[in-house]
Each structure stands twice: as structure tokens, then as C-alpha cells.
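The sequence and the structure are shown below.

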Amino acid sequence: MERLTCPVVCERDDLRRRVLALTFDDGPSRWTPAVLDLLAEQDARATFFVVGRYVQERPELVERMTREGHEVGNHTFDHIDAAHERDEAVVRDQIARTTAAIVAAGATPRLMRPPYGKNACRVARLAAEEGLSPTVLWSVEAWDWASPPPDRIAADILGGAKPGAILLLHDGIPPDEQRDCAGTVAALGEILPALRRDGYELVTVSELLAA
């Protein structure tokens, strides 16, 4: 049996401080600037798990994320389903190429999130071998990848928010999928002020884990 090292986190369940981590997957994209604008308005920091091929297309957005205090994590180069990729060399290559693209854009990734959240232990081991740890999943999501109405996205996120939570939204779309992130952007206009009114500080995942 394969021995797995599994540094995977979904939340901090021991916090009383009203801090949580907002995370975004699958960018950067044409929707990312609007997301960054909204975060800046609320003085909120977030963690963006980026797709390597999109980083190469929009490196200036990764540079902006870093300049504005956000964290950038690795989400593979082509948004592959590592759970069904038998060749570990392929997974390592996807991770390494994405790290290289992020570094070239001026950021230093420390965290990994596997696309689809699948087979996290296997990906965590491979990511750790590439210098990325922990692997980060989430405790609250809104299924915004399916393009529900903005009010439903906001209700799902706000309904699950609690100290130590890791919230999942999307500022981009995987390659070859036909949808957009307009609903997520619209929902953020409600989510961010509501979290502030509830007394939450929005921090990066690394800041949450160190709290």
C-alpha cells in the first residue's frame, strides 16, 4: 500500500477570532480585475489558486494580486483532474510549470489546491515534493461554478461563514468550459460588506493558518 503524506487543510476549527479566508479558483481571467476592485474597497485580502496557462496569459493580474496583499497558490497548469491521472510525472509537471509561471509573474506560491478537490492526499504528497504545503481545500462553497443567481451564491457563502472558515468562490473558468463569473462578481458586492458588518476580518489562507 502506498504511504501517503497528507498535509491537507479545510478550515481552522479552533479560532474564536472573527477571521476567515476567502479563496478564488481557476483564474486569472477577465473577471479578476472586478474581484480585485471589490476586495480593495473592503480592505479584504484573499488567496487566489491560479491556473498556470492563464497566468502566462495575464501575468499582470498576478503581479497586481501580490502588490495588493493577496496570496497566490498553485492550481495546476491545465486544471487537470489529478485523481484520474495515473502518471505522477504528469501531475508533477503540471504543478512545477504553474509554480514557474507564478514566479515569473512576480509571486511566490506556497500552497496547492487540487482541481475539483479530488484525491487531495495524493496531490498533497506530490505538491509537498515540489515545495508546496499545505494543500488547501475548503469548508464553505457556493457552487458558483454552475452559475446560480447571485443572491443564491451570497446566501450560501454567508450562511456557512464562521471563524476559521475557508470560503471557495471562482474568478475564472477551467479550460473548455462554457460559463462566466459575472454572478460571482455580483454576489461579492453583497458578500463582502455583509462579512464586514458581521465583524469578520478577511485574510489569506496562510494568515488564517498562522492566527
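The protein chain comprises eight helices and eight strands. Its radius of gyration is 16 Å, close to the 17 Å that the globule rule gives for 211 residues, so the chain is as compact as a globular protein of that length. The model is a predicted one.

**Overall dimensions and contacts**

- Along the principal axes, the C-alpha atoms of the protein chain occupy a box of roughly 45 × 35 × 30 Å.
- Buried residues make up 52% of the 211 residues of the protein chain.
- Among contacts in the protein chain with a separation of 6 or more, 77% are between residues 24 or more positions apart.

**Nonpolar cores**

- In soluble globular proteins, nonpolar side chains tend to be buried together.
- The largest nonpolar core holds 39 residues, and the members that touch the most other members are Leu22, Phe24, Leu39, Phe48 and Leu169.
- Two or more residues of this core come from each of strand E2, helix H1 (32-41), strand E3 (46-50), helix H3 (59-67), helix H4 (88-104), helix H6 (150-160), strand E7 and helix H7 (182-197).
- Helix H7 gives the most to this core, namely six residues.
- A second, separate core has 11 residues, among them Val9, Leu15, Leu111 and Leu208.
- When residues up to four places away in sequence are not counted, leucine 39 touches Leu22, Phe24, Ala44, Ala46, Phe48, His70 and Leu192.

**Largest pocket**

- The largest pocket contains about 260 Å³ of space.
- Its lining consists of 17 residues, and those nearest the centre of the pocket are Asp26, His79, Tyr116, Trp145 and His170.
- By class, the lining of the largest pocket has eight nonpolar, four polar and five charged residues.
- Strand E2 (19-27) and strand E7 (166-170) each supply at least two residues of this lining.

**Second largest pocket and threonine 204**

- The second largest pocket contains about 150 Å³ of space.
- Residues that line the second largest pocket include His70, Glu71, Arg110, Thr204 and Ser206.
- Three nonpolar, six polar and two charged residues form the lining of the second largest pocket.
- Threonine 204 is placed in the loop between strand E8 (201-203) and helix H8 (205-210).
- Because its relative accessible area is 5%, under the 20% cut-off, threonine 204 counts as buried.
- Not counting residues up to four places away in sequence, threonine 204 touches Ala21, Arg45, Ala46, Thr47, Gly69, His70 and Glu71.

**Cis peptide bonds and proline 28**

- Glycine 27 and proline 28 are joined by a cis peptide bond, with omega about 0°.
- Proline 28 lies in the loop between strand E2 and helix H1.
- Glutamate 57, in helix H2 (residues 52-57), is 29 residues from proline 28 in sequence, with a C-alpha to C-alpha distance of 8.6 Å.
- Glutamate 57 counts as partly exposed, at 49% relative accessibility.
- A further cis peptide bond, with omega about 5°, joins serine 133 and proline 134.
- The loop between helix H5 and strand E5 (135-136) contains proline 134.

**Positive phi values**

- Aspartate 43 has phi near 50°, a positive value in a residue other than glycine.
- This aspartate 43 is located in the loop between helix H1 and strand E3.
- With a relative accessible area of 60%, over the 50% cut-off, aspartate 43 is therefore exposed.
- Tryptophan 143 also has a positive phi, near 50°, in a residue other than glycine.
- Tryptophan 143 sits in the loop between strand E6 (140-141) and helix H6, and at 45% relative accessibility tryptophan 143 counts as partly exposed.

**Proline 115**

- Proline 115 is located in the loop between helix H4 and helix H5 (120-129).
- At 1% relative accessibility, proline 115 counts as buried.
- Neighbours within four places in sequence aside, proline 115 is in contact with His75, Thr76, His79 and Ile80.
- Proline 115 and aspartate 78 are 37 residues apart along the chain, and their C-alpha atoms are separated by 9.5 Å.

Methods. Residues numbered from 1 in each chain as written. Predicted model: local features only at pLDDT ≥ 70, side-chain atom pairs only at ≥ 80, totals over all residues. Heavy atoms only, no water. 1 Å grid on protein atoms, 1.4 Å probe; cavity = no way out; pocket = protein on both sides within 12 Å on 5 of 7 lines; lining within 4 Å. Points joined across faces, edges and corners; volume = space filled by probe spheres on them. Helix = DSSP H or I, 4+ residues; strand = E, 2+ residues; numbered from the N terminus. Nonpolar A, V, L, I, M, F, W, Y, C, P; charged D, E, K, R; others polar. Core = buried A, V, L, I, M, F, W, Y, C linked by side-chain atoms within 4.5 Å. Buried < 20%, exposed > 50% of the residue type's maximum accessible area, 1.4 Å probe, protein only. Contact = heavy atoms within 4.5 Å. Rg over C-alpha atoms; globule rule 2.2 N^0.38 Å.
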